[in-house]
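Reader: Hello! Could you walk me through this structure, step by step?

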Amino acid sequence: MSEQPNPPLVWAREQRAPRRQAPGVDRIVAAAVAIADAEGLDALSMRRVATDLGTGTTSLYRYVAGRDDLLDLMVDAVRSERPPHPLDGDWRTDLAAVARHLREDLLRHRWLGGIMMSRPSLGPNSLRQMDHALAAAAALTPDATLGNSAIRTLYHYVLGAVSDELTEQDTRRRTGLTEQQWQASVGPYLREIVASGEYPHFARVVIEAEHPDTGQRFEFGLDCLLAGLGTLAARAAEG
C-alpha cells in the first residue's frame, strides 16, 4: 500500500478569493486572533470562528483546511503588525532590538509563544522577521551556522523569559495579589528563615539584594546573552 503524500503547507496552496458576502482568509484569521487574544487558544475552534463571523462552519473550510492551518495563519498575521527595527550595522544594538520586538509581540498576544515553541513559523511575515534577525547576526559573524545558532538562542531566551513573565501575571490574576501584597504575605515566614541562620546566602539576598521588575530582569538576561555571543564570535574569528 503506497503512502499518501502529506498535504502541502498552507503557504504552498493557492488562496481562494472569497465568494460574495462570504468571509475570506483575512477576516477568518482576524476573528481567530481576536478570540485567542481575549480568551486563549482553548476557546478557539473553527465552529467558534464561524459563529463570531455569523456564517456556517463548513464555509470556513473552503479557505482554511483546519485548526492547524489557522494557527499558522494567525502567527504570520500577528508577526506582520509592526515592521522590524531598521538595522544600523551594530550587531549588539540590532540583536537587542530583535529580542525586544519579539518580546513585545509575545506580550501582546499571550498565545503566540506556545505555538512558536511547538512548530516552525514558515509564513512570509515570519520568514521576513527571521531574515531580518539573520541579517543582524551577519554583523556578528560571517559564519552562517554560528549566526543561525545565535538567533535560535536569542529566540529561545525571549520565549522563555516571556513565558515566565506571563506565568507571573497569571498567578497574580489567579490569587488577586499584587507583587507587593504577595511579598507582605510571605514576609513573616522569610523573617523566620533569615533568623534561623540555616541559609546564609539566601538570607543575604533577602536582606541586601534589589528586586528588579520583569523588564529589568529581561534586559539583564539579554545583556548576558549578547556578551556571551560576542565572546563566542570573537573566539570563532580567531580560529
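Reader: What covers the buried residues of helix 1?

Author: A word on the source first: this is a predicted model, where local features need pLDDT of at least 70, side-chain atom pairs count only at pLDDT 80 or more, and totals for chains, interfaces and linings use all residues. Residues are numbered from 1 along each chain as its sequence is written, and side-chain values use heavy atoms, with hydrogens and water left out. Helices are DSSP runs (H or I, at least four residues), numbered from the N terminus, and contact means heavy atoms within 4.5 Å. The cover over the buried residues of helix 1 includes helix 2, helix 3 (57-60) and helix 4.

Reader: Which residues are buried in helix 1?

Author: Buried means under 20% relative accessible area, with a 1.4 Å probe and protein chains only. An α-helix has 3.6 residues a turn, so residues three or four places apart point the same way. In helix 1 the buried ones are V25, I28, V29, A31, A32, V33, I35 and A36.

Reader: Which residues does L70 contact, leaving aside neighbours within four places in sequence?

Author: L70 is among the core residues with the most contacts. With those sequence neighbours set aside, its partners are I28, V29, A32, L44, M46, V49 and V64.

Reader: Which helix gives the largest share of the lining of the largest cavity?

Author: A cavity is a set of points, on a 1 Å grid over the protein atoms alone, where a 1.4 Å probe fits but cannot get out; lining residues have an atom within 4 Å of a point. The search finds 2 cavities of 30 Å³ or more, and the largest has a volume of about 70 Å³, the space filled by probe spheres set on points joined across faces, edges and corners. With 4 residues, the largest share of its lining comes from helix 5.

Notes:
1 Å grid on protein atoms, 1.4 Å probe; cavity = no way out; pocket = protein on both sides within 12 Å on 5 of 7 lines; lining within 4 Å. Helix = DSSP H or I, 4+ residues; strand = E, 2+ residues; numbered from the N terminus. Core = buried A, V, L, I, M, F, W, Y, C linked by side-chain atoms within 4.5 Å. Buried < 20%, exposed > 50% of the residue type's maximum accessible area, 1.4 Å probe, protein only.
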